[in-house]
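Good morning, and thank you for coming. Please look at the structure on the screen, and I shall then take you through it part by part.

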Amino acid sequence: MGPEASPGFTAAELQAHLGGELIGIAPDRRLRRLASLESAGPDDLSFLASTRLRARAAQCRAGLFIVSAALARALPAAAGRLLVSDPYAAYAAASRWLQARQQALPPAGFRHPASLIDSDARVHPQASIGPGAVIEAGAEVGEGAVIGAQVFIGAGARIGERTVLHHRVTVYHGCEIGADCLIHAGTVIGADGFGFAPGPHGWAKIAQLGRVIIGNVVEIGANCAIDRGALDDTLIGDGCKLDNLIQVGHNVRIGEHTAIAGCVGIAGSAVIGRRCMIGGGAGILGHLSVCDGAVVSAMSLVTRSITEPGLHTGVFPLMPNAQWERAAASLKQLPALRQRLRELSAGARMPDPGPDGPSPQGPPANDSRD
Amino acid sequence: MGPEASPGFTAAELQAHLGGELIGIAPDRRLRRLASLESAGPDDLSFLASTRLRARAAQCRAGLFIVSAALARALPAAAGRLLVSDPYAAYAAASRWLQARQQALPPAGFRHPASLIDSDARVHPQASIGPGAVIEAGAEVGEGAVIGAQVFIGAGARIGERTVLHHRVTVYHGCEIGADCLIHAGTVIGADGFGFAPGPHGWAKIAQLGRVIIGNVVEIGANCAIDRGALDDTLIGDGCKLDNLIQVGHNVRIGEHTAIAGCVGIAGSAVIGRRCMIGGGAGILGHLSVCDGAVVSAMSLVTRSITEPGLHTGVFPLMPNAQWERAAASLKQLPALRQRLRELSAGARMPDPGPDGPSPQGPPANDSRD
Amino acid sequence: MGPEASPGFTAAELQAHLGGELIGIAPDRRLRRLASLESAGPDDLSFLASTRLRARAAQCRAGLFIVSAALARALPAAAGRLLVSDPYAAYAAASRWLQARQQALPPAGFRHPASLIDSDARVHPQASIGPGAVIEAGAEVGEGAVIGAQVFIGAGARIGERTVLHHRVTVYHGCEIGADCLIHAGTVIGADGFGFAPGPHGWAKIAQLGRVIIGNVVEIGANCAIDRGALDDTLIGDGCKLDNLIQVGHNVRIGEHTAIAGCVGIAGSAVIGRRCMIGGGAGILGHLSVCDGAVVSAMSLVTRSITEPGLHTGVFPLMPNAQWERAAASLKQLPALRQRLRELSAGARMPDPGPDGPSPQGPPANDSRD
């Protein structure tokens, strides 16, 4: 991981992998690592992909930059540059290429002697199974899949080709994960949804008979909880990216290529469209729908379905506490202020601002009935 | 899990289990599975429990419905119906009945050879212990309990009869879980509460000497964290239901049959009453009390004790971002607006709206001192 | 853990450990346990450290109190007292002392036979390794470290001296944890940061090549997720205290002795100063900075960098739901109200309150580009 672990690479090797035009650097110049603008030294590769970082790039000591022609003039004159059309995508490709060179994955077909694979599980000969992993009867693990240490794969669950489950991922019985997915440590897929019927003796359990079905090329971060459906399945579409500590309730459906930042909670039976972006800590109430391309700001609560793409926000602005106390106090008196203003307007013979109209938000529901 | 896994059941078998009156269907008609109104086909059982779903039920192709007499007229004329007084409770019972028919639990008395049970632990002969489970000295596991793969049960902890701990649940030393509980994967019970004393060299650790005591028939979702008490115990009452990713701080006490949705955080020493409902992502500050029957909306922060049952809300309404920017800007100027209005009122010789009075909310505390 | 587990201690033993002046109690008086003001009985030790608890202390039946001279008069006249200058710090010290007397740690040098230690790992002979723990090649574990059951320590990771990793902690490859740290069950250190480049076929993965570096004397609660850096490292300074279920994004840097309550989410590349306090459920957007000594209220979202120490808040006040509906409706009409007030002011020939000025808050960003 540290610099000493990196074998390094030449500018020509990088160009061979990424394409682009190499300028101002010898092709056989050896570079040590990919580094940020702040930390790169003369033997490092860095990148510039945003105009707002031009000033920082001008101070950067990197020996070679991935950059577009338009941004290249911001760089120090002596620095090498690999000109590409999309430097951010090229940086992403370079990062993956370098990781693959550095990281020793377990050999395909590896079975740790301390893994516990049921004789009725179908594990592809070219899948790799780590120490302490438990794979129950009827489960399937596809070709090239990498099952980390202490992973649990329940009865009848299916793990697609080349999917990587990091340490301690739990996949409950019957759930399915597609191909080329990456699930990080501690995430739980397929625990019971939160369903109870009220009754005279308290809450009666509703057995959760559905599954979780996850598409291809999905990434899920650490310590998430994706619940199985009550009757139908919980669905996560191809290409979705979920950060850490995310809760996905039962029967939720998430469209392709939607990205969800950390600590988001999605209540049961919500339907989220394709290519949405949900900011960190946001919440989506149950049974709502969010249209394709909608963007929800961090820590905003979606209390009604969103029908228009674009950014939606509901956050109390941060203030020094004394100012907040005044604003919060005024907020409580706001309806009275409106009434007073209405009276003043009448006295001034101005048109009345009219009634409040219906509440803009129903009360955020606390709904276990779905 | 899939349809192929289900042996199916007859209408008469269902009636024998649920009671009720069977109408418009042959008792020996075989049904395949319990399905939602959206996905049910002619060989499936569905249910209608809410007037707001009548239109959807009218389109449903299910062969048999669990329904009340009052709602039955909304169903397709040709569909079979099992008339019951509380169709939602009957659906819950049906779901549990079908799960029990489908799901193969480990046999009572099962000991996986890769489990690690201390010779001084008292595990009931009819409890089942999964692979990789660790049970330390002095721990007790009751009759019929099911301990999943890779579970950790610390020294002196007690697990009640018929309680199920799913994969990778951690129960720290000395904690107690009652009978008939269900704890989902990754949940941690009894880690240290967050207690430190400020000092000249930084925060000094306060050892957490209490325990977590969980009552009977409690369900806790995946990846929760329930902290042990500092001196007294953290208490969760009988019949409570907790969703995923919930934080319960040290010394918290939660009354019977309270339901808490996902991503809620409850700070130390809060006392929550019986039959409360806490919406997803809500927060409760430390040392507060919430009375019996209180309902807190999703993502609302409880900053003062709640003394009246019913729904309490504190959420900035979601808006298109441009509208939010205007509202947020105005909010900061609200105290100035009030002052201006007061001056105008004086000019118009209207009674003064009076002073602000004390702040309605103390500042949300950041209190590690308890 | 219960009273029966405690061997008890004499007043003189306590004084020998804590210092202070013992008054009104025989030095050889034996005490059973350290207890809260509510639960202490005549054979217990309790403490009074806050004036606001004086009334409660006056009712407490404890046989001995840790207390300051200033607060001692609030206690029952017959109670023993150990007079100290800082009773809260003395309580903390007493709690640690009693825990050390009660709790049996595994012997230094312990290796559970079911642990899986790579032959190329460097585990100090005086470190203790629990059942099911996996330690990969090149990893280092320092003297006196305690590695709990089912812990995973990836290739090349380093665990400092006397650091305790509780059950099921995951430390990804290359990450480093300093000395005297305490990490609770289920926490994941070093999973990939949330980094993707948008492209024509969806999100392209950015390999996360940095590490997590944690200083000395850091405590982290249960089920947290601390992501590795994209290029540079994620850094947590000496003496930091993190509660449960906290998300720390890639490249975040947290200064020394900062305390973070449960359920906080910190987005990528945020820089947090020293001795800050972040309330439970708060959020900090990416690429922002928070100055030394800043305090953020619970569930507040930091949307701009904080440059002044002290308390900052952004929380919609909790209200009975009907009142909230009116306030939320008024909030949406607030800009129109301001306009109306401006018109009235003009009619009354009062000075215009002026334009809104720029928005006080940029939109909370949803930024995966760092």
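Predicted model: local features only at pLDDT ≥ 70, side-chain atom pairs only at ≥ 80, totals over all residues.

In which sense do strand S32 (residues 277–278) of chain C and strand S35 (residues 294–296) of chain C pair? They pair in the parallel sense, over two bridges. Within this pair, C:Ile278 stands opposite C:Val296 of S35(C). Two terms need explaining here. Strands are DSSP runs of E with at least two residues, helices are runs of H or I with at least four, and both are numbered from the N terminus. Two strands are said to pair if DSSP finds at least two bridges between them.

Residues are numbered from 1 along each chain as its sequence is written, and chains are lettered from A, and ligands numbered from 1, in the order in which they are written.

Let us begin with chain A. This chain has six helices and 39 strands. Its radius of gyration is 27 Å, well over the 21 Å that the globule rule gives for 370 residues, so chain A is more spread out than a compact globule. The radius is taken over C-alpha atoms, and the globule rule is 2.2 Å times the number of residues to the power 0.38. Along its principal axes, the C-alpha trace of chain A spans about 85 × 65 × 35 Å.

Chain A is divided into domain 1 (3–102) and domain 2 (116–312), with bounds that come from an automatic or database domain assignment. The C-alpha centres of these two domains of chain A lie 36 Å apart.

Of the 370 residues in chain A, 60% are buried. A residue is buried if 20 or more other C-beta atoms lie within 10 Å of its own, exposed if 12 or fewer, and partly exposed in between, with C-beta atoms placed from the backbone.

I turn now to how the chains are related. Chain C can be laid on chain A with an RMSD of 0.1 Å, by a turn of 120° and a shift of 0.0 Å along the axis. That is the relation of a three-fold axis. In chain C, the C-alpha nearest the axis belongs to C:Phe316, 3.5 Å from it. The superposition is by least squares on the C-alpha atoms of residues with pLDDT of at least 70 in both copies. Chain B can likewise be laid on chain C, with an RMSD of 0.1 Å, a turn of 120° and a shift of 0.0 Å along the axis. In chain B, the C-alpha nearest the axis is that of B:Phe316, at 3.4 Å.

How many residues of chain C are in contact with chain A? There are 75, and they meet 73 residues of chain A; contact requires C-beta atoms, placed from the backbone, within 7 Å. Several elements of chain C each supply at least two residues to this side, including strand S37 (310–313), helix H4 (321–332) and helix H5 (334–347). H4(C) gives the most, with nine residues. The residues on this side of chain C divide into 36 nonpolar, 27 polar and 12 charged. Here Ala, Val, Leu, Ile, Met, Phe, Trp, Tyr, Cys and Pro count as nonpolar, Asp, Glu, Lys and Arg as charged, and the others, Gly among them, as polar.

Two bridges join strand S39 (residues 319–320) of chain A to S37(C), and the two run antiparallel. The bridge partner of A:Pro320 in S37(C) is C:His312.

The contact between chains B and C takes 75 residues from chain B and 72 residues from chain C. On the side of chain B that touches chain C, H5(B) gives the most, with nine residues. Two bridges join S38(B) to strand S38 (residues 319–320) of chain C, and these strands run antiparallel. The bridge partner of B:Thr313 in S38(C) is C:Met319.

Finally, consider two backbone details. Most residues other than glycine have a negative phi. The phi of C:Asn223, however, is near 55°, a positive value. C:Asn223 lies in the loop between strand S23 (219–220) and S24 of chain C, and counts as buried because it has 30 C-beta neighbours inside 10 Å. B:His287 also has a positive phi, near 70°. With 16 C-beta neighbours inside 10 Å, B:His287 counts as partly exposed.

Methods. Contact = placed C-beta atoms within 7 Å.
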